[in-house]
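Please read it alongside the sequence and the structure shown here.

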Amino acid sequence: MKAMSIRSLTLAAAAALALISPATAQQTPPVTLDVLPGWRTDGGVHVVGLRFTLESGWKTYWRAPGDAGIPPIFDWSGSDNLAGTAITWPAPFVFDQNGMRSVGYKDSVILPVALTPRQRDGEIRLSGVVDIGVCRDICIPETLRFDAVLPAAATRPDPRIAAAIAARPYSAEEAGVSHVACSFGSDGGRLTLQAAIAMPPLGGDEHVVVETGDPDVWIAEAATRRSGVNLLAETELVHIDGTMFALDRSELRITVIGADQAVEIMGCPAP
């Protein structure tokens, strides 16, 4: 059977949620989206903010949402004079959704996006849609549209977007990570991963999220524990079509989320 892409699986999950959650016919939408037009940098990149505002009690998901979540999917195809995009993700928080761990945001979140124009000195029309999942007592999919013209002459930074950029997870160096190592094994056809991270505690329960550079690799919720200065995490990885796969250690991204802060670690060498 031909493998489905992560996007196909996500959209299929969203469709299933729509079928089992007909309560979407509420007067006020649970989430709205507006564009903070931002500014053009000296290097020609335009920094914009996508602001998601959630109704009380509703949550939405981070790029790696956990087993119960739907990651945001962006479609920029309606845009003009746009060569590339890069999203900065503010540090998320971990919450329980129907007995499973989810990772995301509540109240409101601004996603800063660095836009590279095709013509450096021209205005950018940013137009497209984003498919996201939102949850309260139920989980439902939402499709939000955005459309804004971003003039090259706008050069004054927006402090709201700047604050969202500053809210990103700390780097390993900033967080005082002194050592990180990963070892791999196999368990019934599944690849197991054990990571040891020497770092100061982040406060409260510490959750570890592992991502790879391959969107077709599913990664289970990591079990974590402390052993002295080391935070130990163990998880398993499976290709969505059940086949063997190669893993590039340099593309592993480990995010540790604590009570008050988060840390992002790029790459995980052997012990």
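**Disulfides**

The count of disulfides comes to two. The model is a predicted one. Counted along the chain, the bonded cysteines follow the pattern 1-2, 3-4.

Cys135 and Cys139:
- Cys135 is joined to Cys139 by a disulfide, with an S to S distance of 1.9 Å.
- The torsion about the S-S bond of Cys135 and Cys139 is about 115°, so this disulfide is right-handed.
- Cys135 counts as buried because its relative accessibility is 1%, and Cys139 counts as buried because its relative accessibility is 10%; the cut-off for buried is under 20%.

Cys182 and Cys268:
- Cys182 is joined to Cys268 by a disulfide, with an S to S distance of 1.8 Å.
- The link of Cys182 and Cys268 is right-handed, with 90° about the S-S bond.
- This pair links distant parts of the chain, 86 residues apart: Cys182 lies in strand β12 (residues 179-187), and Cys268 lies in the segment after β19 (262-266).
- Cys182 counts as buried at 0% relative accessibility, and Cys268 is buried with a relative accessible area of 2%.

**Nonpolar cores**

- In soluble globular proteins, nonpolar side chains tend to be buried together.
- The largest nonpolar core has 32 residues, and the members that touch the most other members are Leu50, Phe52, Phe74, Trp76, Leu115 and Leu126.
- Two or more residues of this core come from each of β1 (31-40), β2 (46-54), β7 (100-106), β8 (108-116), β9 (124-135) and β10 (139-150).
- Leaving aside neighbours within four places in sequence, Phe52 is in contact with residues including Val31, Leu33, Phe74, Val109, Leu111, Val130, Ile132 and Leu144.
- The contacts of Phe52 also include Thr32, Asp107 and Ser108.
- A second, separate core has 23 residues, among them Ile197, Leu202, Ile254 and Cys268.

**Strand pairing**

β1 and β2:
- β1 and β2 run antiparallel and are joined by eight bridges.
- Val31 has Leu54 in β2 as its bridge partner.
- The hairpin of β1 and β2 has five residues between the strands, and Gly44 takes a positive phi near 90° there.

The four-stranded open sheet:
- Four strands form an open sheet with mixed pairing, in the order β11-β19-β18-β14.
- Its edge strands, β11 (170-171) and β14 (207-211), each pair on one side only.
- β14 and β18 (residues 253-257) run antiparallel and are joined by five bridges.
- Val210 has Ile254 in β18 as its bridge partner, and Ile254 is also one of the residues of the second core.

Note on methods. Residues numbered from 1 in each chain as written. Predicted model: local features only at pLDDT ≥ 70, side-chain atom pairs only at ≥ 80, totals over all residues. Heavy atoms only, no water. Core = buried A, V, L, I, M, F, W, Y, C linked by side-chain atoms within 4.5 Å. Buried < 20%, exposed > 50% of the residue type's maximum accessible area, 1.4 Å probe, protein only. Contact = heavy atoms within 4.5 Å. Pairing = 2+ DSSP bridges. Disulfide = S-S within 2.5 Å.
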